[in-house]
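Reader: I have a protein model open. How do I start reading its charged side chains?

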Amino acid sequence: MATGISPAPIRDILSKLTIQDFDLKGKGVFVRVDFNVPLDENLNITDDRRIRSALATINYAIDEGAKVILASHLGRPKGKADPRYSLAPVAKRLKRLLNKDVIFAPDCIGPQVKNIIDKMQPGDVVVLENLRFHPGEEKNDEEFAKALASLADFYVNDAFGTAHRNHASIVGVPKFLPAAAGFLLKKEIEYLKGVVNNPVRPFVAILGGAKVSGKIGVLENLESNVDKVLIGGGMAFTFIKAMGYEVGDSLVEDDMVEMAQRIRIKLKDRGVKFYLPVDCVIAQSLDPGAETKTVPTLEIPKGWKALDIGPATAKLFSEAIQNAKTILWNGPMGVFEIDAFSRGTFAVARAIADAYSLTIVGGGDTDLAVHRAGVSDSISFISTGGGATLQLLEGKELPGIAVLTDKKSE
Ligand code: AMP
């Protein structure tokens with residue numbers, strides 16, 4: 001099982017200050033967290049993993065005697081106050097998770113908030129109201145950023161899932177305060193940059209999801225370090241079409257066909273083993289009750305589309321990862337939201353969980369898939385980001401990380 005397996009000691013590859021570099025005692029620390037949790041119609045939190053992910057940083061700041069000021073967005077309130085997107089339920093849940101009082105501020109800037117913060121004692125925690133109730137947040141307005149910065153002595157970013165956004169609380173505030181990474185952000189960077197720059201080999205990348213256009217940057221960035229590439233999901237059919245085969249009505253991005261062929265040949269020339277599905281589960285529609293068949297990939301009839309990898313592919317992929325030392329998985333193998341097309345994704349999830357390897361699962365749908373497969377505890381690292389994870393895997397610097405204070409320039 002992958003739990004606890006770390007064949008590559010994850011090196012500290014972060015060149016930025018971390019929260020441990022600050023002397024927090026008695027100081028105000030503005031922590032940008034990602035508390036963008038799902039709520040039901042009665043405003044109950046249906047999944048609090050994002051709050052739990054920030055606890056290491058919050059508890060550290062409390063223990064160090066900081067005044068802990070937590071700021072986040074929630075949903076898309078479009079620049080004005082809207083009770084449906086209030087962070088009040090989050091403050092309540094945090095109180096339970098921390099087992100201590102949590103103050104809730106009814107806004108994120110202004111004299112009332114200042115007043116609340118002035119009265120805080122070391123170790124106190126306040127949750128500010130939704131940053132996106134102010135249009136300045138998403139516009140990265142300088143005055144708004146200054147107003148947020150005036151609340152604290154230090155800035156910490158622990159909101160990895162939002163670190164690719166040019167928003168005031170991500171790139172604006174750190175211009176006015178010493179700025180460091182929190183524990184979650186640091187861990188995300190170490191694992192994701194580690195796998196890109198210096199994976200322990202053999203390194204196998206499994207990519208899936210709807211579109212090849214969303215993952216091509218990752219393929220290009222991994223090409224010099226990866227040993228095997230396994231492609232499933234809708235994106236496989238653009239590659240298969242590019243090889244001159246018919247794929248029935250399966251998803252194909254016509255404008256990516258040439259690109260797909262070029263990258264496949266480039267990888268082959270580098271000696272990378274490149275796997276595509278050998279069989280598929282097909283249907284005429286996405287209707288959960290539609291008739292399904294399992295056919296060899298090259299025999300998908302017109303009018304039918306491939307919506308999952310078949311059992312032979314699941315076996316092939318499971319065998320292909322067996323001697324891997326590092327496995328990266330991003331994107332489901334099929335339309336796993338529908339039962340009839342979920343088996344391939346779950347089979348791959350189980351195979352990864354059983355591998356004696358460092359296993360890294362990249363955000364969004366894949367995160368959901370490993371949870372639904374019941375194997376999340378056996379994965380070494382599950383990234384909390386979607387777009388941010390992909391950008392790091394593409395080798396791009398995230399604006400929210402670039403703006404943090406460099407270790408050497410301190
Ligand atoms: P992405 O955001 O690109 O990772 O895509 C995730 C989505 O891809 C999921 O919602 C899946 O339902 C969808 N998907 C996976 N396989 C296929 C397929 N063969 N055809 C169409 N959509 C797919």
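Author: Start with one pair. This is a predicted model. D48 and R93 form a salt bridge between their side chains, at 2.9 Å from N to O. The pair joins distant parts of the chain: D48 sits in the loop between β1 and α1, R93 in helix α3, 45 residues apart.

Reader: Are D48 and R93 buried or exposed?

Author: Both D48 and R93 are buried.

Reader: How many salt bridges are there?

Author: A salt bridge needs a side-chain nitrogen of Lys or Arg within 4 Å of a carboxyl oxygen of Asp or Glu. By this rule there are 18 salt bridges. One of them pairs K16 with D406, at 2.9 Å from N to O. K16 lies before β1 and D406 after α16, so this pair ties together parts 390 residues apart in sequence.

Reader: How do I judge burial there?

Author: Under 20% means buried, over 50% exposed, and in between partly exposed. K16 has 7%, so K16 is buried. D406 has 26%, so D406 is partly exposed.

Reader: Which residues form a network of salt bridges?

Author: D47, R49 and D367 are linked in such a network.

Reader: Where does positive charge gather on the surface?

Author: Look at R76, K78, K80 and R165, which form a positive patch there. R76 lies in the loop between β2 and α3. Its relative accessible area is 59%, so R76 is exposed.

Reader: What domains is the chain divided into?

Author: Domain 1 covers 13–186 + 398–409, and domain 2 covers 199–379. Their centres, taken over C-alpha atoms, are 36 Å apart.

Notes: Residues are numbered from 1 along each chain as its sequence is written. This is a predicted model: local features need pLDDT of at least 70, side-chain atom pairs count only at pLDDT 80 or more; totals for chains, interfaces and linings use all residues. Side-chain values use heavy atoms; hydrogens and water are left out. Patches are made of residues with over 30% relative accessible area and no salt bridge: like charges are joined within 9 Å, nonpolar side chains (Val, Leu, Ile, Met, Phe, Trp, Tyr) within 5 Å. Accessible areas come from the Shrake-Rupley method with a 1.4 Å probe; for residues, only the protein chains shown count as cover. Lys and Arg count as positive and Asp and Glu as negative; His and the chain ends are not counted. The place of a charge is taken as NZ of Lys, CZ of Arg, CG of Asp or CD of Glu. Helices (H or I, at least four residues) and strands (E, at least two) are DSSP runs, numbered from the N terminus. Buried means under 20% relative accessible area, exposed over 50%, partly exposed in between (1.4 Å probe, protein chains only). Domain bounds come from an automatic or database domain assignment.
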